[in-house]
Amino acid sequence: MKPFALAALAATALSLTGCGENLGAGQPLNVVSGHIVMGATPDRPAVGYFRVEGGPVPVELVAVTSDLAQRVEMHESVRENNVMTMKPLLRAPVPAKGELVFKQGGKHLMIWGINGAAVRAGKLPMAFVFTNNNNERILFDMVIKPAEGGTDAADHGAMDHGSMEKGADTAAPDAAKK
C-alpha cells in the first residue's frame with residue numbers, strides 16, 4: 001500500500017506543479033465588449049466599437065474580419081490642420097495587461113455590406129487577428145444596433161470611405177458627396 005500511496009502523492013504534486021506554471025501570468029488576451037451601429041441608410045457603412053484587454057505580453061491587432069460582411073477596415077479619426085479626417089489603420093497595439101479601445105471619435109471599424117441574416121439576428125460574428133501565436137484569432141459576436149439620428153455612425157457614413165485604400169493616405173472627406 002505504501003508504494004501506491006507514495007505514487008499517488010507524487011502524481012498529485014506533479015499535476016499541481018504544472019498548474020502553478022500559469023499562476024501570475026495574468027488574464028489572457030481577450031475581446032471583452034463591442035457593438036456595431038448600422039449606417040443611416042443601407043448604402044452607408046456601419047461603425048464598430050470594441051474593447052480588448054491585453055494579456056501577459058504586448059501584441060498588435062492586425063485585422064478584424066467577418067464572413068458575413070463584404071468588407072471590414074480599421075480606421076482612426078484624426079485632426080489635421082483643424083479638419084477631422086479618417087485614416088486606415090494597419091495595426092493597433094494592445095499593451096501587456098493594458099487595453100485597446102475602439103470608440104467614437106477615435107479608432108473604429110468601418111463595416112460594409114453586413115449580411116441581412118446577421119442584421120436580423122442582431123449580431124455579427126467577427127474574428128480579431130493578433131500578432132501572437134501565429135496570428136491568433138479571437139472570435140467575438142458584435143451586437144448590432146440600429147442607426148440613431150445624429151450619432152457618430154451617421155457622421156462617418158457621410159464621409160467618403162469608398163476611395164480609401166488600405167494603407168493609403170487619406171484626403172479630407174468630400175462634403176459634396178453627401
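Start with the contacts. Take those with a separation of 6 or more in the chain: residues 24 or more positions apart account for 69% of them. Keep in mind that this is a predicted model.

How many helices and strands does the chain have? Three helices and 10 strands. From the N terminus on, the order runs α-β-β-β-β-β-β-β-β-α-β-β-α.

Now, confidence. The average pLDDT of the chain is 79, and 69% of the residues score at least 70. One is residues 5-22, with zero contacts in the model beyond near neighbours in sequence. The other is residues 150-178, where the model has 54 contacts beyond near neighbours in sequence. Where pLDDT is low, the predicted coordinates should not be read in detail.

Next, the inside. Of the 178 residues, 34% are buried. The accessible surface of the chain comes to about 10,500 Å², and carbon and sulfur atoms hold 55% of that. In soluble globular proteins, nonpolar side chains tend to be buried together. Here, the largest nonpolar core has 29 residues. Which residues have the most contacts inside it? They are Leu61, Leu109, Ile111, Met126 and Phe128. A second, separate core has five residues, including Val37, Tyr49, Met110 and Trp112.

Look at Leu61. Leaving aside neighbours within four places in sequence, Leu61 is in contact with residues including Phe50, Met74, Leu90, Leu100, Phe102 and Phe128.

Now the strand pairing. Strand S3 covers residues 59-65, and it pairs with strand S6, residues 92-94, in the antiparallel sense over three bridges. Val59 stands opposite Val94 in S6. S3 also pairs with strand S9, residues 123-130. That pairing is antiparallel too, over four bridges. Val64 has Phe128 in S9 as its bridge partner.

Phe128 leads us to Phe140. Phe140 sits in strand S10, residues 137-145. In sequence, Phe140 and Phe128 are 12 residues apart; in space, they are 7.7 Å apart, C-alpha to C-alpha. Is Phe140 buried or exposed? Its relative accessible area is 18%, under the 20% cut-off, so Phe140 counts as buried. Leaving aside neighbours within four places in sequence, its contacts are Val31, Val32, Ser33, Gly34, Leu124, Pro125, Met126 and Phe128.

Glu73 lies in strand S4, residues 69-80. Its relative accessible area is 4%, so Glu73 is buried. What does the Glu73 side chain make polar contacts with? One partner is the side chain of Arg71, at 3.1 Å. Another is the side chain of His75, at 2.7 Å.

Last stop: a loop. Asn81 lies between S4 and strand S5, which spans 83-88. Asn82 is found in that loop as well. Most residues other than glycine have a negative phi. Asn81 has a positive one, near 55 degrees. Asn82 has a positive phi too, about 60 degrees, although it is not a glycine.

How values were computed. Residues are numbered from 1 along each chain as its sequence is written. This is a predicted model: local features need pLDDT of at least 70, side-chain atom pairs count only at pLDDT 80 or more; totals for chains, interfaces and linings use all residues. Side-chain values use heavy atoms; hydrogens and water are left out. Helices (H or I, at least four residues) and strands (E, at least two) are DSSP runs, numbered from the N terminus. Buried means under 20% relative accessible area, exposed over 50%, partly exposed in between (1.4 Å probe, protein chains only). Contact means heavy atoms within 4.5 Å. pLDDT is the predictor's confidence in each residue, from 0 to 100. Accessible areas come from the Shrake-Rupley method with a 1.4 Å probe; for residues, only the protein chains shown count as cover. A nonpolar core is a set of buried Ala, Val, Leu, Ile, Met, Phe, Trp, Tyr and Cys residues joined through side-chain atoms within 4.5 Å. Two strands pair if DSSP finds at least two bridges between them. A polar contact is a pair of N or O atoms within 3.5 Å; within protein, one must be able to donate a hydrogen and the other to accept it, and residues adjacent in sequence count only if both atoms are side-chain atoms.
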